[in-house]
Amino acid sequence: MFGYGFRGVYYFLGNISIPIILLYLLFQMRVLGAGDIKLFSMIGSILTTEELFRCMAYSFAAAGAGAAFFLLADKNRWQKLRYAGGYLLDILKTGKIESYRPPYEKESVLFAFSVPVLFGTAVALRLVRC
């Protein structure tokens, strides 16, 4: 506020709201946690809107690559893909969003999304060349 006045407050509030609005559906599906959304909001508080969108895009691309790697190494990959496809079809048919927890998983398997967010932020800010 000292540097940009009320204009800075406006951009700050806008940038911390963007991840909350865009990622709320993924939170409802329990694909992303509240901490991941808060992390994006805090990153957005210090980045421009363009940098925030790039950071989010690179983060999801890195998470997708990591998830694909883990899926290829998993012996039950076809069972998991069938369940995920059925889950998405149920959402499209019923319009009801429920938590995504496969019944065959004995314990909750969580993917640490903060590592892809770190990578996405570094690439968005051009700290790392790919």
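Me: Which helices each supply at least two residues of the lining of the second largest pocket?

Reply: In this predicted model, they are helix H1, residues 6–28, and helix H2, residues 34–46. H1 gives the most to that lining, with six residues.

Me: How many residues line the second largest pocket, and which lie nearest its centre?

Reply: The lining has 14 residues, and those nearest the centre are Tyr4, Gly8, Tyr11, Phe12 and Leu47. The volume of this pocket is about 310 Å³.

Me: What classes of residue make up the lining of the second largest pocket?

Reply: Seven are nonpolar, six are polar and one is charged.

Me: Now for the helices. How are two packed helices described?

Reply: Two values are used: the angle between the axes and the distance between the axes. The crossing of H1 past H2 is right-handed.

Me: Which residues in H1 and H2 meet?

Reply: From H1 come Phe12, Asn15, Ile16, Pro19, Ile20, Leu23 and Phe27, and they meet Ala34, Ile37, Phe40, Ser41, Met42, Gly44 and Ser45 in H2. This contact of H1 with H2 has ten nonpolar and four polar residues, with no charged ones. Notice Phe12 of H1: it is in this contact, and it is also among the residues nearest the centre of the second largest pocket.

Me: What are the angle and the axis distance for H1 and H3?

Reply: Helix H3 covers residues 49–73, and it packs with H1 at an angle of about 30°, the axes being 10 Å apart. Angles under 35 degrees count as roughly parallel, and therefore H1 and H3 are roughly parallel to each other. H1 passes H3 in a right-handed crossing.

Me: Which residues in H1 and H3 meet?

Reply: On the H1 side they are Asn15, Ile18, Pro19, Leu22, Leu23 and Leu26, and on the H3 side Thr49, Leu52, Phe53, Met56 and Phe60. By class, nine residues of the contact of H1 with H3 are nonpolar, two are polar and none is charged. Asn15, Pro19 and Leu23 of H1 meet residues in H3, and these three also meet residues in H2.

Me: How does H3 pack with H5?

Reply: Helix H5 spans residues 114–124, and its angle with H3 is about 135°, with the axes 7 Å apart. H3 and H5 are therefore oblique to each other, and H3 passes H5 in a right-handed crossing. H3 brings residues including Glu51, Arg54 and Tyr58, while H5 brings residues including Pro116, Phe119 and Val123. The contact of H3 with H5 has nine nonpolar, three polar and two charged residues.

How values were computed
Residues are numbered from 1 along each chain as its sequence is written. This is a predicted model: local features need pLDDT of at least 70, side-chain atom pairs count only at pLDDT 80 or more; totals for chains, interfaces and linings use all residues. Side-chain values use heavy atoms; hydrogens and water are left out. On a 1 Å grid over the protein atoms alone, a cavity is a set of points where a 1.4 Å probe fits but cannot get out, and a pocket is an open set with protein on both sides within 12 Å along at least five of seven lines; lining residues have an atom within 4 Å of a point. Grid points are joined across faces, edges and corners, and a volume is the space filled by probe spheres set on the points. Helices (H or I, at least four residues) and strands (E, at least two) are DSSP runs, numbered from the N terminus. Ala, Val, Leu, Ile, Met, Phe, Trp, Tyr, Cys and Pro count as nonpolar, Asp, Glu, Lys and Arg as charged, and the others, Gly among them, as polar. Axes are lines fitted to C-alpha atoms, for helices over the stretch in contact, and angles run from 0 to 180 degrees between N-to-C directions. Angles under 35 degrees count as roughly parallel, over 145 as roughly antiparallel, 65 to 115 as roughly perpendicular and the rest as oblique. A crossing is left-handed if the near helix is turned anticlockwise from the far one by less than a right angle, and right-handed if clockwise. Contact means heavy atoms within 4.5 Å.
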